[in-house]
Amino acid sequence: HTHTHTTCVYVPLGPQHKHTRTGHKPTRTHAITRPPQPHTHPTHQPTATMKRPIGVLGGMGPAATVQLMQRVLDAVDAGDDSDHVPLIVFQNTQVPSRIAALIDGTGADPAPTLGDMARSLEAAGAVALAMPCNTAHAYADTIRQASTVPFLDMVKATVDDLPDAVRTVGMLASPAVRLTKVFEQPLADSVCRPQSDEGAGQEQASSEQRRSAVYLDDDAELLSIIQDVKANGPSPEAGARLRAVALSLSASCDHLLVACTELSLLVSALDGLPWTDTLDVLVSEIVRVSSA
């Protein structure tokens with residue numbers, strides 16, 4: 001084969017082969033090459049807009065953070081390493097449990113740790129911050145106050161990204177999201193816009209257009225699925241359980257929202273249902289801001 005960094009052309013040696021480099025016949029049976037010359041290195045043309053680094057408050061949970069990184073990688077049409085989004089990832093698995101703090105009321109406050117993470121990521125060079133954990137957005141104000149760079153709010157961005165005609169949103173989320181009402185205000189501040197050929201006058205009334213969240217009467221099964229994924233990773237069994245919950249919830253809503261990034265690892269189980277994944281929305285925000 002041809003070595004791209006030298007003028008030496010060689011083929012494997014054997015009874016029927018001879019070395020083809022002009023004026024030299026090596027006695028060893030492996031290829032001999034010269035060190036590459038600086039001017040012979042191929043160069044990659046820089047992209048029109050150099051990507052800016054985004055800081056990720058990760059570890060909540062760690063598999064969800066890795067999934068975010070993979071989706072950001074997949075979202076970029078890259079020809080070389082430098083075309084990708086630079087991420088500064090703080091994979092901090094020691095953030096105090098949001099479940100223990102917000103549901104059980106017995107755990108340590110995660111806010112100081114999240115504030116420290118935000119400051120560290122800014123000091124490391126991040127131009128914006130992202131956090132792939134819906135429940136932890138209960139502490140979004142702490143992160144904003146701890147840093148001077150923008151915080152990419154996954155909750156607000158997701159509500160803004162919902163299809164226009166969606167009014168009632170079925171929440172596939174941790175009970176902590178329901179208890180802290182993380183999505184309630186952004187949904188109440190947004191309106192659905194039904195297709196003009198669908199609705200009669202009363203359906204167009206502003207009171208009917210305000211969006212709202214729909215939760216299961218009993219979300220213990222959702223919490224159990226989330227804890228299963230945290231402990232054992234995604235599995236077909238966990239996906240089947242999520243699908244059963246989603247089918248039940250879809251009877252009382254227009255659209256499903258995957259609002260827990262552990263559940264984002266199971267979205268293939270939702271095929272055929274109308275859903276939005278908050279992790280996908282955050283990925284789009286990261287790519288957009290990095291390229292701005």
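The chain exposes about 15,100 Å², of which carbon and sulfur atoms supply 51%; accessible areas come from the Shrake-Rupley method with a 1.4 Å probe, and for residues only the protein chains shown count as cover. This is a predicted model, in which local features need pLDDT of at least 70 and side-chain atom pairs count only at pLDDT 80 or more, while totals for chains, interfaces and linings use all residues. Residues are numbered from 1 along each chain as its sequence is written, and side-chain values use heavy atoms, with hydrogens and water left out.

Let me begin with the overall fold. The chain has 11 helices and eight strands, taken as DSSP runs numbered from the N terminus (helices H or I, at least four residues; strands E, at least two). Of its 292 residues, 41% count as buried, that is, under 20% relative accessible area, with exposed over 50% and partly exposed in between (1.4 Å probe, protein chains only). Among contacts (heavy atoms within 4.5 Å) between residues at least 6 apart in sequence, 69% join residues at least 24 apart.

Leaving aside residues up to four places away in sequence, Leu270 touches Leu172, Leu242, Arg243, Ala246, Val258 and Trp275.

Finally, the charged pairs. The structure holds 11 salt bridges, each a side-chain nitrogen of Lys or Arg within 4 Å of a carboxyl oxygen of Asp or Glu. In one of them, the side chains of Asp277 and Arg71 meet at 2.8 Å, N to O. This pair links strand S8 (residues 275-277) to helix H1 (residues 62-75), across 206 residues. Asp277 is buried at 1% relative accessible area, and Arg71 is buried at 12%.

Arg178 and Asp219 form another bridge, their closest N and O atoms being 2.8 Å apart. Here Arg178 is partly exposed, at 29%, whereas Asp219 is buried, at 10%. A further bridge joins Asp228 and Arg241 (3.8 Å, N to O), connecting helix H9 with helix H10. Salt bridges that share partners also unite Arg71, Asp277 and Asp280 in one network.
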